[in-house]
Amino acid sequence: MTIKLHNTKTRKKEPFDPIDPGNVRMYVCGPTVYDRAHLGNARPVVVFDVLYRLLRHTYGADHVTYVRNFTDVDDKINARAAESGRSIGEITSETTQWFLDDMAALGALEPDHMPRATQYIPQMVAMIEELIGKGHAYEAEGHVLFAVDSWREGYGRLSGRSVDDMIAGARVEVAPYKKNPMDFVLWKPSGADLPGWESPWGRGRPGWHIECSAMAYELLGESFDIHGGGNDLMFPHHENEIAQSCCAHPEGDFARVWLHNEMLQVEGRKMSKSLGNFFTVRDLLEQGVPGEVIRFVFLSTHYRKPMDWTAEKAEEAKATLMKWRSAVDGIKPSDVDPEMLRLLCDDLNTAGAIARLHQLHREKDMGGLAASAGMLGLLDFETGAWWREISDSPTDELKKTVERYISERAEAKKNRDFAKADAIRDDLASIGIMLSDSPNGTDWMLDHTNPQLGNFEALK
Ligand code: AMP
Ligand code: ZN
């Protein structure tokens, strides 16, 4: 089945035709590791996880390479270290592990490569030298800047703006050493108190954009298939990545398809750290919202539409997952439903795919439901602990009812009505409630394999 994807570069939905079907390559911009991921940060992770799963299903799990970076050199990290008195390394390694744990809770598969920027400094330096050599970058006051005027024909094409429009519209950092205010930093000097690496331009550190260009080149080559991220990164980050990569490696065309997810919002505004209107994935998990529920809510809205997180949506998702999980419990997954697959191939129509899962449940195709939900990363074992906990632990109502039967049985025994006492024990056993007598009284446990479990109606 042909996958169709909306390409930001052409503003069209296009059939996806990989450069090498034996190795389909995708790069997604990852987090800057200085703090817990907020819920908005999780949206691209889940969106591109679904695409990764679809590509693996289509081309084979061994024929897809997914790279997502960690930005572990950044002024926000430096500031966090300075204000907390902790070391940069401590902060970035702790935050990286938090991110991995939180995303695993959402059922996201780990990418094949998760490069950290600080491990690719020599590659960044090499790329910057290449850009200077080709006349696309210049050194000024210890900085190296990309000269946007050296590539006017290409700069701004992704976001559909001209350089003049961008100068007029953007908040660009004006600096005396810039030839054009739009020129952006490839390398900047580091004082003794900041992380730095030796380079031909003195001790310094890379700008943000160069890391993705250098790591994508190193791990995926000069041309690859898909580049993803949130649409807040389109300009300047992705525009700058393209400029750097296409100018350093004009023989390639960097990423062929650009995919951008829309923002998770709070009351109509982007959830972001700088607006302060955020809560973290960990906050939700700690409030008892299962990761699988978060994932389901995300998938209910198409990735190119803005979405709000609401408690109602989470409640509804949880009820649906409870219903589906009990329906597929013990059922062997059959094949992925072709209609669900068709919807997913249509620019990741996850909302349509979920509607289709509802239909499979209504039609009692539980094997198809299990297999198809599995393709979306739902109803699988790893994310199911929350449901097993709920379904394994007796409700208060069940406990009260069982205790009533047990005291009735004790009463019968006291009256030497052993026939009645045994009948109660056998009745309860028939609905999966197993009694055992001990000197301290009567204990009980539940037999979860009994399909009549807890069906007290059957005893009347
Ligand atoms: P950052 O750490 O801010 O660079 O963001 C990491 C990833 O999360 C990027 O792909 C961003 O586009 C994405 N992102 C940040 N905020 C949101 C949001 N509110 N909704 C969806 N994606 C977001
Ligand atoms: Zn990037």
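Q: Is tyrosine 27 buried or exposed?
A: Tyrosine 27 counts as buried, at 0% relative accessibility. Buried means under 20% relative accessible area, exposed over 50%, and partly exposed in between, with a 1.4 Å probe and protein chains only. Tyrosine 27 lies in strand E3.

Q: What are the ground rules for these values?
A: This is a predicted model, in which local features need pLDDT of at least 70 and side-chain atom pairs count only at pLDDT 80 or more, while totals for chains, interfaces and linings use all residues. Residues are numbered from 1 along each chain as its sequence is written, chains are lettered from A and ligands numbered from 1 in the order in which they are written, and side-chain values use heavy atoms, with hydrogens and water left out.

Q: How many helices and strands does the chain have?
A: The chain has 16 helices and 15 strands. These are DSSP runs numbered from the N terminus: helices are H or I with at least four residues, strands are E with at least two. Of the 460 residues in the chain, 50% are buried.

Q: Where do cysteine 29 and histidine 237 lie?
A: Cysteine 29 is in the loop between strand E3 (24-28) and H1, and histidine 237 is in helix H7 (residues 234-248), so the pair ties together parts that are 208 residues apart in sequence. Cysteine 29 is buried at 11% relative accessibility, and histidine 237 is buried at 1%.

Q: Switching to ligand 1. Which residues come nearest?
A: Gly40, Gly230, Asp232, Leu264 and Met271 come nearest among the 18 residues around ligand 1. A residue is near a molecule or strand if one of its heavy atoms lies within 4 Å of it.

Q: What about backbone contacts?
A: Nitrogen atoms of ligand 1 are involved in these: a backbone N or O atom of leucine 264 is 2.7 Å from one, a polar backbone atom of methionine 271 is 2.9 Å from one, and a backbone N or O atom of glycine 40 is 3.0 Å from one. The protein covers 87% of the 480 Å² of accessible area that ligand 1 has on its own; accessible areas come from the Shrake-Rupley method with a 1.4 Å probe, and for residues only the protein chains shown count as cover.

Q: Which element gives the largest share of the shell?
A: H1, with four residues. Helix H1 (39-59) and strand E9 (223-230) each supply at least two residues of the shell.

Q: And which residues have a positive phi?
A: Among them are arginine 11, with phi of about 60°, and phenylalanine 254, with about 55°; neither is a glycine. Arginine 11 is partly exposed, at 44% relative accessible area, whereas phenylalanine 254 is buried at 4%.

Conventions
A polar contact is a pair of N or O atoms within 3.5 Å; within protein, one must be able to donate a hydrogen and the other to accept it, and residues adjacent in sequence count only if both atoms are side-chain atoms.
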